[in-house]
Structures are given as C-alpha cells and as structure tokens.
Amino acid sequence: MVHLRGFRVAPMVLDFSIVRHTAKPISLTLVLALSWACSSGSTRSSVSTAQSDAAAEAVQRAQRTPDEPRPLATSGTTGTTQTRTEHDLIGEKEIPANAYYGVQTARALENFQISGISIDHYPGFVEAWAIVKLAAARANADVGALDRQKLPPIEKAAKAVIEGKYHDQFQVDWFQGGAGTSTNMNANEVLANIALELSGHQKGDYSVIEPHDDLNMSQSTNDSYPTAIKIALILRNDKLVDELQKLSASFRAKGDQYINTLKMGRTEMQDAVPMTVGQEFHAFAASIDDEIAALREAEKHLYAVNMGATAIGTGINVPKGYPQKTADYLAKLTGKPITPAPDMLAATWDQQGFVLYSSALKSTAIKLSKIASDLILLTSGPRAGLAEINLPALQPGSSIMPGKVNPVMPEMLNLVAFRVMGNDLTVTVAAHSGQLQLNAYEPVEGLALIESQHLLYTGSTAFRTKCVDGITVNEKQLQHYMDTTVGIVTALNPVLGYDKATELANEAYRTNKGIIEIIRERKLLTDAQIADLLNPAKLTNLDAKTYRQENHAEK
C-alpha cells in the first residue's frame with residue numbers, strides 16, 4: 001500500500017508560482033494597492049499632483065505591458081546557464097542541464113502557457129502518474145518486455161515521486177492540446193532522468209533508460225492518461241469521504257446537544273409545524289451520509305482501466321499478459337480492486353466513470369450548499385432576521401458598517417459548491433465532445449474533477465471546524481416563535497376539520513391573537529384537549545433514542 005501525502009491546501013494569498021504568467025493584472029493590482037496605501041483618511045485629498053500623475057502613468061504602463069511568458073526554468077533548474085541538447089521529431093533543442101524533464105516537456109512549456117496551473121498544483125495527480133508508470137514497468141518486466149536491470153532504478157524514481165520529491169519538474173499546463181500527450185511525456189522524461197541519476201548516469205543519457213522505449217513501454221497517452229486521472233481520484237476519494245463523515249458527525253453532535261429544543265419548521269419560508277433543532281441538525285447529517293454513499297458508489301466506476309489499450313484499444317505493441325498484470329500491480333499499489341476494462345476499445349473513448357464521479361461530486365456540492373444556505377438564513381439578523389442560531393464570529397464583516405459580522409464560512413462553502421457545479425458542466429461538455437476512438441478533452445475533465453474533489457475536502461474541513469462545531473442556539477428567540485406561531489393549528493385538522501382550522505388561522509392573523517387564546521375564547525376545546533392536541537413537543541413526534549443510536553452507530 002502506498003502512503004500518500006494529504007491534499008495541498010491552496011494558499012489564500014497571491015501565489016506567484018500559480019499565476020506568474022499573469023504579470024499585467026498583478027502589476028496593476030499592486031500599483032493600485034500601493035497608491036491607495038500611501039495615503040489615508042483626510043490626507044488622501046492632499047496627494048500632490050505629481051504623485052497622482054506618477055500613479056496614473058504606472059497604471060497606464062501596466063495596461064500596455066503584455067503578459068510575461070512563463071519561464072521554462074523551474075526551481076530545480078535555476079542558478080545554471082548550462083544546457084544539454086535533446087532532439088525529437090521537430091529537431092534539436094537546448095534543455096537546462098539540471099532539468100529532469102526533456103525535450104517534449106520543454107516544447108509543451110513553450111506551446112501551452114495558458115492557465116498558469118501546472119500539473120504539480122495537485123500533488124495527487126503527480127503521485128498517480130508515478131504509480132501508473134511503476135505498475136507498467138513491473139508488468140513489462142514480468143512479461144519479459146522490459147530489461148529487468150532497468151526496473152530497480154525506475155522503481156526508485158517512482159518511489160521518490162510518490163514520496164513528494166521532484167514534483168517541481170512536472171510543469172506542463174493542464175490546458176493542452178494532444179489529449180494529454182505533453183503530460184504523459186513530462187512523466188516519462190522526468191522519471192527516466194531520475195532513474196538515470198539514481199543509477200549513476202547523466203540526465204539525458206537515454207541509451208541507458210529511454211522515456212519512450214522504457215517508461216512508455218506498452219503504453220500510449222490514450223491509456224495511461226485516463227488511468228492516472230482515475231488513480232488520483234480514487235486515492236483522494238477516501239480522504240474526502242473521511243472528511244464528510246466528520247462533518248456529518250459534527251451535525252449529529254449538535255443534534256444531540258439540542259435534541260429537545262423546540263422550534264418552528266418552515267416550508268417555502270412560511271411557518272409550518274413544530275420540530276426540534278436536534279431533528280433539523282440530524283437531518284443535515286443524514287443527508288450528508290447519503291452523499292457519502294453516492295461517492296463510494298461512484299468510485300467503483302473508476303476501477304476499470306484501459307492500460308494495455310494503447311492507441312485506440314486494439315492493444316497494438318502490447319505483450320501478452322501485460323494488461324492484467326498492470327491492473328494487478330495498480331490494485332496492489334492502491335489497495336483498490338483495479339481491473340482491466342472488459343472492452344478496451346470502448347474504454348479508450350468512453351467517459352462514463354468521469355461523468356458519474358463528477359455527478360457525485362456535484363450532488364455533494366448541492367447538498368452542502370443547501371445546508372450552508374440554511375445556516376445563513378437561521379443566523380440572519382441578529383436583530384432583524386430569524387436569529388435562531390449563532391455562528392462563530394471569525395472576522396469583521398464590513399469596511400463601513402461597525403459591529404457587523406458575516407456568515408463567512410457558509411458563504412465560502414457556497415462558493416466552493418458553485419465552482420463544483422460549474423466543473424460538472426465542464427466534464428459533461430468535454431465527455432460528449434470526443435470523436436471516434438478517442439476523447440481529446442480528458443485534460444480539462446481531469447482538472448475539473450481533481451479541483452472539485454480538492455475544494456470539497458478543504459471547504460468541508462473549514463466549514464466544520466470554523467463554523468458547525470461552534471454553533472449555538474438562541475433559545476429565547478425560538479421560544480418566542482413557538483409562543484406566537486399559528487402553525488400549530490395544523491394539528492386541529494383531525495378534530496375540527498380543515499375549514500374550521502383555516503378560519504381560526506385567519507382570525508389569529510387578523511387579530512394578532514394566539515391560536516390557543518382564540519380556541520379558549522370560543523370554547524372549542526377543553527384545557528385537557530388543548531394540552532393533548534397542541535403540545536408542541538408532542539407534535540414533533542420526536543424519538544430522541546433513535547437519533548442517539550444512529551449517532552453511536554456512525555461513530
């Protein structure tokens with residue numbers, strides 16, 4: 001079983017390694033920020049004309065300056081001007097001597113400076129490539145295709161990458177033409193050169209270990225690329241599920257804490273019938289549990305891989321026994337039941353696994369967004385809203401309104417959810433747009449899926465620890481709503497009939513009296529009947545033992 005590092009949490013500050021190709025927007029932002037920061041309050045109006053003109057000229061220069069291209073050198077190649085010469089179909093090219101990538105990666109770095117998001121942005125994707133290449137190398141050695149003397153250095157190289165080393169060499173942009181060929185070759189070249197160096201050879205000495213002939217042996221981008229995406233998603237799905245289980249447990253803990261606290265339920269934002277805060281929170285937990293089950297089920301559709309399909313699924317250049325052995329090694333490395341796809345031709349263009357898993361992520365996002373939005377409503381106020389619950393105060397909520405505190409964690413989770421929903425649409429469009437025996441748009445599917453999975457994990461973690469765990473209830477406010485609600489009139493339908501109950505409700509709204517007060521005035525029920533029929537706690541049909549048993553079962 002391979003031990004994998006956790007998710008990389010995207011920094012909340014400007015990360016130049018991600019956006020270093022967007023020099024113009026950065027410059028403009030810094031100029032504006034610095035210009036504003038140099039003055040304050042009443043002194044801003046006294047800025048000299050010369051200073052104002054200088055700031056305006058700087059802004060204009062920033063607007064005219066084209067975006068700077070992303071430098072080819074990575075952190076592993078800086079500080080040297082030496083190069084080595086490599087060649088490919090296009091011709092010869094100078095590569096930084098310290099670089100572990102090769103000529104095809106260098107061309108991709110030149111051709112695809114698109115998003116600034118390189119494939120190492122999500123470590124799990126790089127680790128997945130190392131796992132796929134390791135499984136392929138072992139399978140090739142077993143069937144006699146790969147010289148067994150080459151296997152140990154390849155294994156060492158893959159192990160190093162799985163452990164988090166050399167990730168800065170995986171630099172190609174996620175947005176690329178060629179169905180992921182640039183990414184596959186980035187992996188082949190880096191692993192080959194690491195293997196060369198670890199075995200005492202020079203980088204680029206491909207007469208010993210060659211990116212195509214050895215690292216890409218019995219493979220094509222068209223089978224290794226989708227497999228790497230699947231492995232990355234599978235291995236991080238457990239982490240996402242584990243976090244969602246913790247979120248569910250947090251809601252169940254709050255449910256137990258407030259299991260007997262009465263409140264009014266609402267439908268279409270109108271008073272409905274009584275319930276308890278505990279029931280509401282346990283319902284949140286139960287709905288999250290449903291999403292966990294869906295994610296686990298969707299994962300199963302990622303287990304079938306097309307390793308051994310090569311170009312289109314016919315298995316050209318694939319030795320006998322290789323597909324099964326590769327799947328077996330992938331299963332052993334991941335601890336998951338990876339199997340060869342039953343029809344390699346279909347598996348090479350079919351995107352069902354990605355579509356289903358994306359749908360599960362979207363469903364999870366929709367559920368979390370609904371819950372987050374409910375919390376925003378329940379905490380609204382604090383004086384002119386529902387104000388039923390309190391969320392932890394994390395930061396000032398306004399630059400102009402003193403004392404305002406916003407529900408920033410539920411709002412953040414909504415932003416995450418909206419992005420995941422949009423990513424699902426991206427997967428849908430990309431999945432349906434392939435032609436004939438291949439879908440060339442898997443790179444954007446992979447990015448969308450991995451980003452969604454990552455955002456749901458980090459978003460849920462922050463939401464749970466900084467919001468849900470600290471929720472408290474305003475019991476006086478809840479009691480006020482219970483004392484003044486007309487919603488309990490629903491319980492009179494079986495006794496007085498719907499029409500009579502409607503008449504009582506209208507009178508209550510018109511006179512601003514309580515339902516019980518009107519019933520007593522009209523002598524429609526005895527005090528004993530009122531106590532029996534209109535007891536709010538009884539109307540909730542609460543069975544606290546059931547909830548607590550479910551909670552213990554989850555734990």
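Predicted model: local features only at pLDDT ≥ 70, side-chain atom pairs only at ≥ 80, totals over all residues.
Reader: In which helix is N222 found?

Author: Residues are numbered from 1 along each chain as its sequence is written, and side-chain values use heavy atoms, leaving out hydrogens and water. Helices are DSSP runs of H or I, at least four residues, numbered from the N terminus. The run that holds N222 covers residues 221-257, helix α9.

Reader: Is N222 buried or exposed?

Author: Buried means under 20% relative accessible area, exposed over 50%, and partly exposed in between (1.4 Å probe, protein chains only). N222 has 13% relative accessibility, so N222 counts as buried.

Reader: Which residue has its backbone oxygen 2.7 Å from a polar atom of the N222 side chain?

Author: Contact means heavy atoms within 4.5 Å. Not counting residues up to four places away in sequence, N222 touches A179, N306, T310, A311, T348 and L438. The backbone oxygen that lies 2.7 Å from a polar atom of the N222 side chain belongs to A311.

Reader: How far apart are the end C-alpha atoms of helix α6?

Author: The expected span of a helix is 1.5 Å times one less than its number of residues. Helix α6 has 12 residues (151-162), so the helix should span 16 Å, and this agrees with its end C-alpha atoms, which are 16 Å apart.

Reader: What covers the buried residues of α6?

Author: Those buried residues include L151, P153, I154 and A157. Their cover includes α5 (123-142), α7 (181-198) and α8 (211-215).

Key. Helix = DSSP H or I, 4+ residues; strand = E, 2+ residues; numbered from the N terminus. Polar contact = N/O pair within 3.5 Å; in protein donor to acceptor, adjacent residues only side chain to side chain.
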